[in-house]
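Please look over the sequence and the model below before reading on.

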Amino acid sequence: MATIRQNLERQAKKEVIPASLVEETMGRIKTTMAMEDLASVDFAVEAVTEHEPLKLEIFRKLDSIVQASAYLATNTSSIPITKMGVLGAGQMGNGIAHVFARFGYDVVLFDI
């Protein structure tokens, strides 16, 4: 959370975003240690280490926990996103996103 705040404050200082957006954004971010707390989210991103069994296990759990209208995403760089997509029977029909960062920009690609 500290890093997110620092990044937002840096952007506000550069006048890339309004200063009011720092607190507004921080107020919308919730942290948790329990995956069940994600049941009502609209968008979930799996971002664990590139260990395929772990990624697939987490993706399966997310698929069984999040609401039916939610989108699931992964930041995998070595596992085909189509492999992630065929795992679940729930949210996979809504869309799967591949989230990655290149050249300092966060990019989200949707397969809807």
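Which residues line the second largest pocket? In this predicted model, the lining consists of Ile 4, Asn 7, Leu 8, Arg 10, Gln 11, Thr 25, Arg 28 and Ile 29. The pocket has a volume of about 180 Å³. Two helices each supply at least two residues of its lining: helix 1, which spans 2–13, and helix 2, which spans 20–28. Helix 1 gives the largest share, five residues. By residue class, the lining of the second largest pocket divides into three nonpolar, three polar and two charged residues.

Read from the N terminus, the elements follow the order α-α-β-α-β-α-β-β. Among contacts in the protein chain with a separation of 6 or more, 52% are between residues 24 or more positions apart.

How much of the protein chain is buried, and how much surface does the chain expose to the probe? Of its 112 residues, 28% count as buried. The accessible surface comes to about 7500 Å², and carbon and sulfur atoms account for 57% of that surface.

The buried nonpolar residues can be followed next. In soluble globular proteins, nonpolar side chains tend to be buried together. Here the largest nonpolar core has seven residues, namely Ala 44, Ile 58, Phe 59, Leu 62, Val 66, Ala 70 and Leu 72. Helix 3, residues 52–65, contributes the largest share of this core, with three residues. There is also a second, separate core of five residues, and Leu 8, Ala 12, Val 22 and Met 26 are among them.

Where is Glu 15 placed? Glu 15 lies in the loop between helix 1 and helix 2. Its phi is positive, about 65 degrees, although Glu 15 is not a glycine. Is the residue buried or exposed? Glu 15 has a relative accessible area of 71%; the cut-off for exposed is over 50%, so Glu 15 counts as exposed.

Methods: Residues are numbered from 1 along each chain as its sequence is written. This is a predicted model: local features need pLDDT of at least 70, side-chain atom pairs count only at pLDDT 80 or more; totals for chains, interfaces and linings use all residues. Side-chain values use heavy atoms; hydrogens and water are left out. On a 1 Å grid over the protein atoms alone, a cavity is a set of points where a 1.4 Å probe fits but cannot get out, and a pocket is an open set with protein on both sides within 12 Å along at least five of seven lines; lining residues have an atom within 4 Å of a point. Grid points are joined across faces, edges and corners, and a volume is the space filled by probe spheres set on the points. Helices (H or I, at least four residues) and strands (E, at least two) are DSSP runs, numbered from the N terminus. Ala, Val, Leu, Ile, Met, Phe, Trp, Tyr, Cys and Pro count as nonpolar, Asp, Glu, Lys and Arg as charged, and the others, Gly among them, as polar. Buried means under 20% relative accessible area, exposed over 50%, partly exposed in between (1.4 Å probe, protein chains only). Contact means heavy atoms within 4.5 Å. Accessible areas come from the Shrake-Rupley method with a 1.4 Å probe; for residues, only the protein chains shown count as cover. A nonpolar core is a set of buried Ala, Val, Leu, Ile, Met, Phe, Trp, Tyr and Cys residues joined through side-chain atoms within 4.5 Å.
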